[in-house]
Amino acid sequence: MAESEVESFENVLVSRNLLKTSIENSKALALALDKTRPRLAAIDKNLALLEAAIRPSPSKNCTFAAIGDHISLALGPAVAVLKMLDTIRQLDKSLSNKTDVSSYLSTLTQLEEALKFLTGNCNLAIQWLQGVIQFLEDNSVADDGYILKLRRSVTILHELQTTGKHGCLCGASDKLENSFKQILTDASAAEQACFPRPILHKLQAIVMKLNANNRLKNCKSIFVQVRSLSTRNSLQAFDLDYLEKEIKEIDMESCIEEWRKHMEFIVKHVLEHEHRLCKLVFAFASIESDCFAKIAAQSGILSLLRFGISIAESKKDPIKLLNLLQIFSVLENLRMDFNKLFGGEACIEIKTVTRDLVTKVVNGATDIFWELAVQVELERQRSPPKDGGVPRLVSFVTSYCNQLLDDNYRPMLTQVVKISQGWKHEKYEEGLVTNQIYSIVREMAVNLDAWSKAYEQRALSYLFMMNNHCHFHNLKGTKLGNLMGDTWLNAHGQYTEYYLGLYLRDSWGPCLSQLDNPTKSLKAFNEAFDDMYKKQSNWVILDESLRNNMYQLVVKALVPAYTSYLHNHIHTAARNVKYTVQTLETMLATAFMPKQLKYPTTIASHLSGKQTKDVTNQFPLTIAAM
């Protein structure tokens, strides 16, 4: 019992000690806890903040999801760009090996489609990457280095989009321009009337492609350069030196005829071909009018038109009217061609020069035509020919009027007068041209009357009127004669016979009277015959028929009387016989012959041309002064 109690006491003591120790430890722990409470509070606060920072939230989840979406959307176009770049490299390499135009254009079309696809995907990739950059900057979820790389990627895509398209197509367009020039040059050198269809198709295809790429400017310049050279070469076979000479230095008639040929050739053949070619080659580009205008301006047609203007501006004279009508005829024949070729605004220079030429031709021609009758009247003050023949003016004017009434000139003259009347707002009346011709002839008739009175010798005056009435009567069958009519022509025939009778009576009558009078000696007849023959040795009868008629009448009247006189007075007049009957007939046969027939020389062969030149030099004096 005692032992059990001692053991229980010891257990209590041990428990007391343990409890005491525990209490002391608790006090120490409490004290320690009191000391660490501020630190725990700080840690607790930091843990709360950390918990809030690392706890998943709906907004953060959305941010990372959005970034993923943007990147996924940008990756698709970017991958397409890389694949298309490889395709473009292959097409570009294939393009450099193409020599045939058709295959080159086909490959170029594929390259253009590839570049178009590249451009579209570059645009998409750029847009999505720009969206990613903006999103990252707005939400601060990436560092600056990463954003800088994205910006560099966008810059690369921009450069690829621009330089890739323009670099490839620019080189291809340059090659197409070179091919266009080579094909065109080779075809032009062949000098064919029309380009073969395959050549045209190649040129058209190149033009369409260059037009689609906005590269037609150089193409047009190449075309104008090559074709302008071709047009100039086509005229090299002609002698165009007259275009550079002064009007006074050239043979006007022959030069106008050459000018007509050259105008018709350049318009109907050269420029007509160029106009058609421009329409064919540039039909899909709408620049054919501008191209043709530049080619036409360099073809030489402006020089030809200005040559016509220089003639229209030259000194006035009657022959100039004929020249102007010839020029007008050429322009009229080419009028439809001019309207077709040069009707557009692009050909304004050619139209302006042509309009100027037509104006000067019409005004110049009508001015001369209306002044002709006045100029004939002004010639009245001149002296008549000393030989009693037809004045140069009369010969010239009748021939001139016949030309004006000829089918080659009359329609043009009528047309010119109509145009002139229209410009003056005056009504054109039928017969306006013929009335002016009547006026010219009427003034010539008045001149003849005045000139006949200027002769001191009556016989010469009769011879003069006989010659000129015969000249007018011989107009029968001509344009002028038909215009004047049979009554007018027959009247001149009657006047010819009338003045022939007056002439015979006044000149040969005194000679015959010597033979009819028995009291007169043969010596008196010789003196009268010699005096008359000497006075009339330089007189002429230009018309051969009239001259023969005169000879027959004189011989018929004189030779029988002379023969009878010699027969009846052979014994008393033998010593005074100066002329045999044969000698007398020979002298009468050569009387009144023009010098060209009486004394044929090389100089005489040029008189006809000199005569025309002289009268045209005299006739226009007052015209030129106006």
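Let me start with aspartate 530, which is partly exposed, at a relative accessible area of 24%. On that scale, buried means under 20% relative accessible area, exposed means over 50%, and partly exposed is in between, using a 1.4 Å probe and protein chains only.

Some ground rules. This is a predicted model, where local features need pLDDT of at least 70 and side-chain atom pairs count only at pLDDT 80 or more, while totals for chains, interfaces and linings use all residues. Residues are numbered from 1 along each chain as its sequence is written, and side-chain values use heavy atoms, with hydrogens and water left out.

Back to aspartate 530. Its side chain meets that of lysine 578 in a salt bridge, at 2.6 Å from N to O. The term means a side-chain nitrogen of Lys or Arg within 4 Å of a carboxyl oxygen of Asp or Glu. Lysine 578 is in the loop between helix H21 (544–568) and helix H22 (581–590), and aspartate 530 is in helix H20 (residues 522–535), so this pair ties together parts 48 residues apart in sequence. Helices here are DSSP runs of H or I, at least four residues, numbered from the N terminus.

How many salt bridges does the structure hold? There are 21. Another one joins lysine 294 to aspartate 290, with the closest N and O atoms 3.1 Å apart. Both of these residues lie in helix H8 (residues 288–297), 4 residues apart, or about one turn of the helix. Lysine 294 is partly exposed at 36%, and aspartate 290 is partly exposed at 26%.

Next, aromatic rings. Rings of Phe, Tyr and Trp (its six-membered ring) pair if their centres lie within 6.5 Å; planes under 30 degrees apart count as stacked, over 60 as edge-to-face, and the rest as tilted. The structure holds 19 aromatic pairs. In one of them, phenylalanine 525 and phenylalanine 529 have ring centres 6.0 Å apart and planes at 25°, so the pair is stacked. These two are 4 residues apart in helix H20, about one helical turn. Are they buried or exposed? Phenylalanine 525 is buried, at 1%, and phenylalanine 529 is buried too, at 0%. Both belong to one aromatic cluster, whose members include Trp508 and Tyr533.

Last, the largest nonpolar core, which has 141 residues. Such a core is a set of buried Ala, Val, Leu, Ile, Met, Phe, Trp, Tyr and Cys residues joined through side-chain atoms within 4.5 Å. Phe529 is among the residues that touch the most other members.
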